[in-house]
Every structure is written in structure tokens, then in C-alpha cells.
Amino acid sequence: MTRKILVVACLLMFAPAAFSQVGNGTSKSPVDPRVKATLDQLGYRYELNSDNDYKLIPIETTQIGTSADGKPKWRNNLVYVNSNTEKYGRLEIREVLAPAFLVDGPLSADVANRLLRENNLVKLGAWRVVIVTGGKNAGKRLVMFVAQIAADSDAESLRLAIKSVTLIADKMEMELTNADEY
């Protein structure tokens, strides 16, 4: 019975990644000015990527030491705030996501189970695995932490979502890979 529950949980975890692969991928969402206004209000630096999503300049997460001149050295993590939104009834949702690590093939059972257990501990967001479909990493799996928030969230709500996905993704990257790639 426990094994069946685990299989169902894994299928539910991977379903968004599977559905994100559907479609011709040629349409690009328009830039959402609500995100720009809120990021500007919060003072985040960003650039638009090819999908018109907001790629935040890597955010410092955890101090890892001090340089020779006494300045703190930090781990960093990328964060994306999507311009595109999804609607569910009257609810309009946007995603805030942070990549954690890239793997060559399917996740090991230990790592997949660890991510599922971690999903149970967080208040906002969940782990997601997406198969990269193009470029030099085609066929690899990108593991990221994603929070879904109201598309018209106020500045403080967006700030908290950004902070949460950044810290959670970077912590897992450090624990599982001991690297700082993202």
C-alpha cells in the first residue's frame, strides 16, 4: 500500500513537467508590467529572458566565508518570476521558481524521495523536475523549487515568495551537490 501511495505521489509531482512539454512552444507570453512595477518597488535587479520572464540577478543566500580583504563571500541563486500566468476559475496564478541542480538522467529513488519529503515540510511551493528539451543540456533533468502565487500579489507577498524559493533551492543544491551553479 505504501509503495502505491509513493508511486501516485511521484506521478503527481512529475505531472506538471509532463504537461509543460505539450504544445508547439512558439508563442511567447507578453511582458507583465505588474511584475516589473513590483520588482522595481522592491529594488530587485533583473533582465528579461527569451520567454519574457523576469530573471533576477543572482540573489545572495548564505555567507560562506570572508575574502582576504574582509568582505563577506556569499552563495548565490537565480530566481525567475514568470510573466505568463495560468487561470483556474477566477484565480490567476504566476510562478516564482529557482533552479537547484541538473542531473543527467532520472533522479535516484533516494533523491526523489528526499524531495517528496521536503515538499511536506514547506509552507509555500514544491519541488519540480523538468526535462530540458533544447540546448546543450537537452535530455537532462532540471530540479527546481517553484511557488505559485496570485498574479496580482502585493510587493511583500512577491518578496516572500522570492526569498523562499531562493533559500530552499540553494540549500538543497548545497546539500546534494556541494556546488553553487545556480
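**Hairpins and aromatic pairs in a predicted model**

The structure is a predicted model, so local features need pLDDT of at least 70 and side-chain atom pairs count only at pLDDT 80 or more, while totals for chains, interfaces and linings use all residues. Residues are numbered from 1 along each chain as its sequence is written, and side-chain values use heavy atoms, with hydrogens and water left out.

First, the overall layout. The protein has four helices and seven strands, where helices (H or I, at least four residues) and strands (E, at least two) are DSSP runs numbered from the N terminus. Along the sequence they come in the order α-α-β-β-β-β-β-α-β-β-α. Of the 182 residues, 34% count as buried. Contacts are heavy atoms within 4.5 Å, and among those between residues at least 6 apart in sequence, 54% join residues at least 24 apart. The protein exposes about 11,200 Å², with carbon and sulfur atoms supplying 55% of it; accessible areas come from the Shrake-Rupley method with a 1.4 Å probe, and for residues only the protein chains shown count as cover.

Strands pair if DSSP finds at least two bridges between them. S1 (residues 46-48) and S2 (residues 54-66) run antiparallel and are joined by three bridges, with Leu 48 standing opposite Tyr 54 in S2. Five residues lie between these strands, and Asn 52 in this hairpin takes a positive phi near 65°. S2 also runs antiparallel to S3 (residues 72-81), this time with eight bridges; Ile 59 has Asn 77 in S3 as its bridge partner. The hairpin of S2 and S3 again has five residues between the strands, and there Gly 70 takes a positive phi near 90°.

Now for the rings. Those of Phe, Tyr and Trp (its six-membered ring) pair if their centres lie within 6.5 Å; planes under 30 degrees apart count as stacked, over 60 as edge-to-face and the rest as tilted. The whole structure holds two aromatic pairs. Tyr 46 and Tyr 54 have ring centres 5.3 Å apart and planes at 70°, so they form an edge-to-face pair. Tyr 46 counts as partly exposed, at 22% relative accessibility. Trp 127 and Phe 145 are also edge-to-face, because their planes are at 70°, with centres 5.2 Å apart. This pair links distant parts of the chain, 18 residues apart: Trp 127 sits in S6 (residues 126-131) and Phe 145 in S7 (residues 141-150). Trp 127 is buried at 4% relative accessible area, and Phe 145 is buried at 0%.

Technical notes. Buried < 20%, exposed > 50% of the residue type's maximum accessible area, 1.4 Å probe, protein only.
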